[in-house]
Amino acid sequence: MPKVKVKRKNPSLDMTPMVDLFFLLVTFFMLTATARPDEAVIVDTPSSASEIKIPDTNVITITIDNDSRVFFGVDGQQTKEALLDKMAGKYGVGFTEEERKTFSLLSNFGVPMSQLKSLLAMESSARKEVNQPGIPIDSARNELGDWILQTRLTNPKVVIAIKGDQDADYPTVKRVIDILQDRKVNRFNLITDMEAKPTNL
Amino acid sequence: MAEIQEKADSGKGGKKRAKRSSTKIDMTPLVDLAALLITFFMLTTTFNKPQTMEINMPVKPDNEEEQIALKASNAMTIILGADDKIYYYFGLAEDNPEVIESSYAAGGIRKVLTSPQVKSNDKMTVMVKPMEGSRYKNMVDILDELKITDTKKFAMVEIADSDKKLVQEQIGN
């Protein structure tokens, strides 16, 4: 009886194409990635069929969460540092070099000017935990208006975007829009999620 | 030629072969690392940028009296109520028009906005009046509907007491 020879196959396979593909993907993601910034609050934006994209730079983001708290954020480290200096001068609060640095790395915040110093003094992990009360928007202490005005003076190219939670109540949104209009901002963006445009009209 | 001879010579006396190490290297750790990096970048990337909806608010008039009053036949009012309710009426609040309840669904307010009464009238102005109880989502939804239906003339207007009264009387809450 002839011996049945089991053909031994080499179990190691050639991984070169796989490695090629993987590194191609790594390169792609590295080049397209913009790290997700740490938001002070997470909001669930409503969806719309609009297809306009928000610009990458020079954007003021006014976030309104479902507790009617208002958060302010602007991009650009230089803009933020210059902005903080102006606001510090206006409100008579002094900031150290370290606090300015921290502020320039903050993506958004929601505290009154009087509490900003203590917020900046916190560790970044503690800052995530703390419950920020929101920026005052009432007419007696309209800090949001000052932030917007000073940002527009610092960087005249900024576009204003409102990022509201689905459940944010209308009076707060109305108040924010009124503040913008008081500062002669009549054109702004509402950040929304994507939604398929209906075809049958 | 000389090479061949040399080879023949060395062939006779004792095999002197250079040890051939395999050209294949184990790529598994490399693949592991690449996969790890892919996972990391995929999770940290904000892939799609958020959409935005551009709105232009009317410039606040310096002089209220210089404004021209809207004709009743060219006016439509949409009232956004609490609990995702939506009402609309044609004409002016003073004439006590019929307030109709509608919905945000495709067959609701969109049908009204695409109806001949609105579409065939170039001067038709839609006024959106959100009540205090309405949500931000309602506002975005109605702006979206206006955009989808390609309604050119619309404005966000503050709700008046007469509108509230109309809704209260005819809808009952």
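Chain B and chain A bury about 4,800 Å² between them, and 63% of that is on carbon and sulfur atoms. On the chain B side, Gln51(B), Thr52(B) and Tyr136(B) lose the most area to chain A, together making up 18% of what that side buries. Keep in mind as you look around that this is a predicted model.

**Where the chains meet**

- If you count residues in contact, 45 from chain B meet 53 from chain A.
- The rule finds eight residue pairs in polar contact across this interface, both residues being at pLDDT 80 or more.
- Three parts of chain B each supply at least two residues to the side that touches chain A: helix H2 (28-44), strand S1 (51-56) and helix H5 (136-148).
- Which element gives the largest share of that side? It's H2(B), with 11 residues.
- Sorted by class, the side of chain B that touches chain A has 24 nonpolar, nine polar and 12 charged residues.

**Charged pairs across the interface**

- How many salt bridges does the rule find across the interface of chain B and chain A? There are three.
- One salt bridge links Glu54(B) with Arg187(A), and their closest N and O atoms are 3.6 Å apart.
- That pair counts as a salt bridge because the cut-off is 4 Å between a side-chain nitrogen of Lys or Arg and a carboxyl oxygen of Asp or Glu.

**Strands that pair between chains**

**Chain B by itself**

- Chain B has six helices and six strands.
- Reading along the sequence, you get the pattern α-α-β-β-β-β-α-α-β-α-β-α.
- Out of the 173 residues of chain B, 38% count as buried.
- Take the contacts in chain B with a separation of 6 or more: residues 24 or more positions apart account for 65% of them.

- Ile60(A) sits in strand S3 (residues 59-64) of chain A.
- Is Ile60(A) buried or exposed? Ile60(A) counts as buried, because its relative accessibility is 0%.
- Leaving out neighbours within four places in sequence, Ile60(A) is in contact with several residues, including Phe72(A), Val74(A), Val158(A) and Ile160(A).
- Pro133(A) lies 73 residues from Ile60(A) along the chain, and their C-alpha atoms are separated by 19 Å.
- Over in chain B, Asn138(B) belongs to helix H5, and Asn138(B) is buried, with a relative accessible area of 1%.
- What does the side chain of Asn138(B) reach at 2.9 Å? The answer is the backbone nitrogen of Arg135(B).
- Not counting residues up to four places away in sequence, Asn138(B) touches Leu80(B), Gly81(B), Asp84(B) and Tyr104(B).

Notes: Residues are numbered from 1 along each chain as its sequence is written. Chains are lettered from A and ligands numbered from 1 in the order in which they are written. This is a predicted model: local features need pLDDT of at least 70, side-chain atom pairs count only at pLDDT 80 or more; totals for chains, interfaces and linings use all residues. Side-chain values use heavy atoms; hydrogens and water are left out. Contact means heavy atoms within 4.5 Å. Buried area is the accessible area (1.4 Å probe) that two parts lose on being put together, summed over both. A polar contact is a pair of N or O atoms within 3.5 Å; within protein, one must be able to donate a hydrogen and the other to accept it, and residues adjacent in sequence count only if both atoms are side-chain atoms. Helices (H or I, at least four residues) and strands (E, at least two) are DSSP runs, numbered from the N terminus. Ala, Val, Leu, Ile, Met, Phe, Trp, Tyr, Cys and Pro count as nonpolar, Asp, Glu, Lys and Arg as charged, and the others, Gly among them, as polar. Buried means under 20% relative accessible area, exposed over 50%, partly exposed in between (1.4 Å probe, protein chains only).
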